[in-house]
Amino acid sequence: MGSKPKRARIAIIGDIDASMAKDACSAIIDIVQKTHRDEFFKVQIDISSEGGSINHGAAILGFLNQLKAQRPKCKIITVATGHVCSEAVRTFLVGDYRIAYEHSLFVIHDGYFEGPQSVTTESVKYYHARINIDNDQLRHIIKLRCGQQALDMYEQVRVSRQDWVVKPGLARMAGICHRVVPSFKGDHYARRQQEFRDLHPGY
């Protein structure tokens, strides 16, 4: 039998801002430097975030896509450990295998611009154009990672300009996550983790 694949872990907790993006991207760079192209290993990303900056979220997403391109045998596992909202959803959907705890919650919506009143008209046009691109990308990611059913469900909510609030059960049905796990603590939690590893040796 071969040796167990290496594991790395990244936490995205709190607002997605410049500091969060710097820490996450630095962690991804560190993983790339410590592995080689043909190595099979796993990266677990624990996410509990209300969202944040589209630009900083895009930076994390770009580095994760670069990781997958440079390390094609890497398996990314994303875990919703709490609320996964707004910009954090795009990061969650990067996962090759996506897990949600029973107490977690997803909030999905289009991006929007809340800029200072002093910005110029040209600046506003730029930001709106950028946000439209990001919103198109979000819909593309939902369809690619979750399927047409999830995109249709999102579009139904989106036309009324509402947030799509998704509990774990619906998230699994819609393909947003692959598995919902109980919110165990202590020894129960450790045992459940082992049960999951036994059932899914490839992850």
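Here are some friendly notes on the predicted model above, taken point by point.

1. Ground rules. The model is predicted, so local features need pLDDT of at least 70 and side-chain atom pairs count only at pLDDT 80 or more, while totals for chains, interfaces and linings use all residues. Residues are numbered from 1 along each chain as its sequence is written, and side-chain values use heavy atoms, with hydrogens and water left out.

2. The overall layout. The chain has 7 helices and 7 strands, taken as DSSP runs (helices H or I, at least four residues; strands E, at least two) and numbered from the N terminus. Along the sequence they follow the pattern β-α-β-α-β-α-β-β-α-α-β-α-β-α. Of the 203 residues in the chain, 41% are buried (buried is under 20% relative accessible area, exposed over 50%, partly exposed in between, with a 1.4 Å probe and protein chains only). Among contacts (heavy atoms within 4.5 Å) with a separation of 6 or more, 71% are between residues 24 or more positions apart.

3. Helices α1 and α2. The axes of α1 (residues 18–33) and α2 (residues 54–70) come within 9 Å and cross at roughly 10 degrees; the axes are lines fitted to C-alpha atoms, for helices over the stretch in contact, and angles run from 0 to 180 degrees between N-to-C directions. The two helices are therefore roughly parallel to each other (under 35 degrees; over 145 is roughly antiparallel, 65 to 115 roughly perpendicular, and the rest oblique). On the α1 side the contact includes A21, A24, C25 and I28, and on the α2 side it includes A59, I60, F63 and L67. The contact residues divide into 14 nonpolar, 2 polar and no charged, where Ala, Val, Leu, Ile, Met, Phe, Trp, Tyr, Cys and Pro count as nonpolar, Asp, Glu, Lys and Arg as charged, and the others, Gly among them, as polar.

4. Salt bridges across the sequence. The structure holds 12 salt bridges, each a side-chain nitrogen of Lys or Arg within 4 Å of a carboxyl oxygen of Asp or Glu. In one of them, E39 pairs with K6, with the closest N and O atoms 3.2 Å apart. E39 lies in the loop between α1 and β2 and K6 in strand β1, so the pair ties together parts that are 33 residues apart in sequence. E39 is buried at 10% relative accessibility, whereas K6 is partly exposed at 47%.

5. A second bridge, from loop to helix. D96 and K68 form a salt bridge, again with a closest N and O distance of 3.2 Å. D96 lies in the loop between α3 and β4 and K68 in helix α2, so this pair ties together parts 28 residues apart in sequence. D96 counts as partly exposed at 22% relative accessibility, and K68 counts as partly exposed at 23%.

6. A salt-bridge network. The side chains of D110 and R139 meet in a salt bridge of 3.4 Å, N to O. D110 and R139 are both buried. Salt bridges that share partners join D110, D136, R139, E155 and R158 into one network.

7. Helix α5. The buried residues of α5 (residues 148–158) are A150, L151, M153, Y154 and V157. Seen down the helix axis, they fall within an arc of 160 degrees, so they line one face of α5 (the arc is that of the directions from the helix axis to the C-beta atoms).

8. T81 in β3. T81 sits in strand β3 (residues 74–85) and is partly exposed, with a relative accessible area of 26%. Beyond its neighbours within four places in sequence, T81 is in contact with D46, I47, S48, Y101 and H103.
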